[in-house]
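Here is my note on the model, point by point. Please keep the structure open beside it as you read.

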Amino acid sequence: AEYMGVFEVHTDVVVVLNRHYLLVAVHYNKVCFCEKMAETSRENVVIILDTNAIWWANQSDSSLTEVADAMIAFINAHLIMNAMNKASIIAAGNIAVDFLYTDIDDDASSQNKLIDTPNEISLRNCEGQYEFYTQVDNQIAVALKTHILNSVADTRQNNTKFANALSKALCAINRLNFIAKNHPRWIETSSRILVIRSSPDAPYQYLDVMNSIFTAQKLGVRIDCCCLNSDSSLMQQACDITKGCYLKIHRSSALLQYLLTVFLVEPSLRNCTLSMPPRSHVDYRAACFCHRSLIDMGYVCAVCLSIYCSFTPVCLTCNTTFKINVTKSKQKKKKT
């Protein structure tokens, strides 16, 4: 039913709903209309999930499985909101950054890819659940398990590779925009990034993260963040610069409720329909590159923008030599 059509029916009421079309038929010797669902807008959400195996292993009041289940439910709700919505999930661990799920593809959709390879995914017997969402859930679970096993193999790196995950998310969004420009049938898509952060910030990633934040601002991509542990100064700056929503929750068991009530709504409808959480104080202090501590005043390299809490004659990042010009004060001649 690519276009609107008229059909005769012989039943009382028939409602057929799938991911692309909505068919409503009414009997009593009348006609029914088959209309394609509105494709005026589409939203793409890229979720960055913090899967630091070392940090999660030391937590007793929360688990990664509980957070992953809430994230999967949020993805299903996002895909149900609009048949044309897109979603991607990126796992940011302490060893690698991997895609758990993505349906950004210019050749074939991930749905067809899943259906063609049923042996690779163990389908659950979910009665009443749409088969596509069952396959998506299982793909995410299998990919997350593989990602965690690879992360546990090497415990020498403790910090989450968040800068790599943010860069990969922006690349995925840019790829979707490139596909939309080269395919006239693709409708315009608004993209945003949702970060589920648990581990603390890594000060050595400050410069890379800030570059990604300013790139997202230039592309018009909002960055939302939901922190599970402590406040993140980098995420506060990212949400404030890109006009996103920053929220800190105290219990991971309530994560799904916060995701559905705060982050499921499109950014254009947040201010006019919902009372969003008030913006908290943003900590714009930068981390020095020498001691990895937040400072109020310091020295900045003019070449690579590295920040130091005390003066150093040579930049530790780009090896630039700093020269201090000391001008002698001229002594005024006394009048005779």
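**Notes on the fold**

1. Start with one unit. Strand β9, helix α7 (residues 233-241) and strand β10 form a β-α-β unit, and its hand is right-handed. Bear in mind that this is a predicted model. In the unit, β9 and β10 (residues 246-248) pair in the parallel sense, over three bridges. C227 has K248 of β10 as its bridge partner.

2. The helix of that unit is mostly covered. Eight of the nine residues of α7 are buried. They are S233, L234, M235, Q236, Q237, A238, C239 and I241. What do they pack against? The buried residues of α7 pack against α5 (162-182), β8, α6, β9 and β10. Just after α7, K243 has a positive phi of about 65°.

3. Next, the other side of β9. Strand β8 (residues 189-197) and β9 run parallel and are joined by six bridges. In this pairing I196 stands opposite C226 of β9. Strand β9 (residues 222-227) has five of its six residues buried, so the rest of the structure largely encloses it.

4. Now the whole sheet. In what order do the strands of the open sheet lie? The six strands follow the order β7-β6-β5-β8-β9-β10, and the pairing is mixed. The edge strands are β7 (97-102) and β10, each of which pairs on one side only. From one strand to the next, the twist averages 15°.

5. The β5 pairings come next. β5 and β8 run parallel, joined by eight bridges. Here V45 stands opposite R192 of β8. β5 and β6 also pair in the parallel sense, over seven bridges. There D50 stands opposite A92 of β6.

6. Strand β6 deserves a look of its own. Seven of its seven residues are buried, so β6 is largely enclosed by the rest of the structure. In a regular strand, side chains alternate between the two faces of the sheet. In β6, K86, S88, I90 and A92 point one way, while A87, I89 and A91 point the other way, and all are buried.

7. What is the sense of the pairing between β6 and β7? It is antiparallel, over five bridges. I90 has F99 of β7 as its bridge partner. β6 and β7 form a hairpin, with four residues between them.

8. Turn to the helices. Helix α2 lies across β5, β6 (86-92) and β8, and runs at about 175° to β5. Two packed helices are described by the angle between their axes and the distance between the axes. Helix α2 (residues 64-81) packs with helix α4 (residues 131-152) at an angle of about 145°, and their axes are 11 Å apart. The contact uses L64, A68, M71, I72, N76, L79 and I80 of α2, and F132, Y133, D137, I140, L144 and I148 of α4. α2 passes α4 in a right-handed crossing.

9. Check T51. It lies in the loop between β5 (42-50) and α1 (53-57). Is T51 buried or exposed? T51 counts as buried because its relative accessibility is 0%, and the cut-off for buried is under 20%. Leaving aside neighbours within four places in sequence, T51 is in contact with W56, L64, A91, A92, G93, L144, H147 and I148.

10. L166 is buried, with a relative accessible area of 1%. Leaving aside neighbours within four places in sequence, L166 is in contact with I48, I193, V209, S212, I213 and I223. L166 and A92 are 74 residues apart along the chain, and their C-alpha atoms are separated by 9.0 Å.

11. Last, the totals. The chain has nine helices and 14 strands. Of its 336 residues, 43% are buried. Among contacts with a separation of 6 or more, 61% join residues 24 or more positions apart. The chain exposes about 19,800 Å², and carbon and sulfur atoms supply 53% of it.

Definitions and conventions: Residues numbered from 1 in each chain as written. Predicted model: local features only at pLDDT ≥ 70, side-chain atom pairs only at ≥ 80, totals over all residues. Heavy atoms only, no water. Helix = DSSP H or I, 4+ residues; strand = E, 2+ residues; numbered from the N terminus. Buried < 20%, exposed > 50% of the residue type's maximum accessible area, 1.4 Å probe, protein only. Contact = heavy atoms within 4.5 Å. Areas by Shrake-Rupley, 256 points an atom, 1.4 Å probe, with all protein chains shown as cover. Pairing = 2+ DSSP bridges. Right-handed = clockwise from strand over helix to strand, strands pointing away. Axes fitted to C-alpha atoms, helices over the stretch in contact; angles between N-to-C directions. Left-handed = near helix turned anticlockwise from the far one by under 90°.
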